[in-house]
Amino acid sequence: MATTAPATRPANPRFSSGPCAKIPGFQLEMLADAPLGRSHRAAVGKNKLKEAIDLTREVLGVPADYRIGIVPASDTGAVEMALWSLLGARPVEMLAWESFGEGWVTDVVKQLKLDATVRKAPYGEIVDFKEVDFNKDVVFTWNGTTSGVRLPNADVIPADREGLTICDATSAAFAMDMDWSKLDVTTFSWQKVLGGEGGHGVLILSPRAVERLESYTPSWPMPKIFRMTKGGKIIEGIFVGETINTPSMLCVEDYLVALKWAKSLGGLKGLIARSEANADTVKTFIADKPWIANLAVDPATASCTSVCLKFTDPRIKDAAAFAKAVAKRLEKEGVALDAGAYRDAPAGLRIWCGATVEQSDVAALMPWIEYAFEAEIAAQA
């Protein structure tokens, strides 16, 4: 075991799962073209927002007939716009395997008061999609940010489904290959894989979702911030950069910088390769370690972005206190900031391995985890 501090430190110790590390080489000067002090409704603001939408489509490979909108309140706002606007027309199935999925269950069952079928899996597992009835509207997270497990692919979603699929993809977009033909509503915030500043969400709608919006009116009151139709027709302006409320043009500029960086890597394939390489670095490190393991029960579902780890050594007396002490030691050493497990998740570590993180930094962190583990084991005595 490591009894002395490793010689190499990560150049960037930021491993937070949101907001995540900025793109490599980021400098505030990169945002100099932001139209600060200008209206987002002026031509310069509209053009920036439209460019962000167009680049999002290009990098993610979103079909031309899908609409993309920049909306308020981060991924949460985007998801809740979809839930409040679309659900209620058909029966609903809610799928949850971590805290944010649980939050959407609360929204639908307790706030919208829909009699939904709820399928849950414990942390480290996902629900059995073979049991899901896709003739109902189905709400799920692609990647559990707080549990480190993901849907491996969209093969289990039928192409001829009658219901809509509503997917929270906030820690999957830009890092995982998602089949757009299987997704009717997709949401994310750019603070995750692209390391953007928080506060803005992205909502992507398929033609089937638009048809629902234009043919169905929910029975509950609709706050202005959620409204996407007027007179029975979708408000097209939302999807060309005419935002519902005032966006931060500084944050939009930051997103544009990250999107252009993503293009320089070869787009989505380059981003996925970086995330997978980072996650593989962690996987290789823990493979022969009997005291630590991935929280994901099935390796096929292990996330390549929010990699969640659990300590398995029988000498540990208090799992929660031990994990917090390891995370605190890593932060004190300046080698990993914000690397503790999410507050509602099982005790352990959560290492963000998204595309903005350098593989060399992940590799440098691994010996420090072993060092911190050994130090805390000794501290128990």
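Strand pairing and packing

Modeller: Val-307 stands opposite Ile-351 in strand 14. This is a predicted model, in which local features need pLDDT of at least 70, side-chain atom pairs count only at pLDDT 80 or more, and totals for chains, interfaces and linings use all residues. Residues are numbered from 1 along each chain as its sequence is written, and side-chain values use heavy atoms, with hydrogens and water left out.

Biologist: How many bridges join strand 13 to strand 14?

Modeller: Four, and strand 13 (residues 306-311) runs antiparallel to strand 14. Strands here are DSSP runs of E, at least two residues, and helices are runs of H or I, at least four, numbered from the N terminus. Two strands pair if DSSP finds at least two bridges between them.

Biologist: What order do the strands of that open sheet take?

Modeller: The order is 12-13-14, with antiparallel pairing. Strand 12 (292-294) and strand 14 (349-352) are the edges, each pairing on one side only. From one strand to the next the twist averages 30 degrees.

Biologist: Which helices lie on strand 13?

Modeller: Helix 6 (residues 268-286) lies across strand 12 and strand 13, at about 15 degrees to strand 13. Helix 7 (residues 319-332) touches strand 13 and strand 14, and its direction makes about 40 degrees with that of strand 14. Contact means heavy atoms within 4.5 Å. Axes are lines fitted to C-alpha atoms, for helices over the stretch in contact, with angles from 0 to 180 degrees between N-to-C directions.

Biologist: Switching to strand 8: buried or exposed?

Modeller: Five of the five residues of strand 8 (residues 185-189) are buried, so strand 8 is largely enclosed by the rest of the structure. Buried means under 20% relative accessible area, exposed over 50%, partly exposed in between (1.4 Å probe, protein chains only).

Biologist: Which residues sit on each side?

Modeller: Val-185, Thr-187 and Ser-189 are on one side, Thr-186 and Phe-188 on the other. In a regular strand, side chains alternate between the two faces of the sheet.

Biologist: What does strand 8 pair with?

Modeller: Strand 7 (residues 165-168) pairs with strand 8 in the parallel sense over three bridges, and Asp-168 stands opposite Thr-187. Strand 9 (residues 200-205) pairs with strand 8 in the antiparallel sense over five bridges, where Leu-205 is the bridge partner of Val-185.

Biologist: And the whole chain: how many helices and strands?

Modeller: Eight helices and 14 strands. Of the 381 residues, 57% count as buried.
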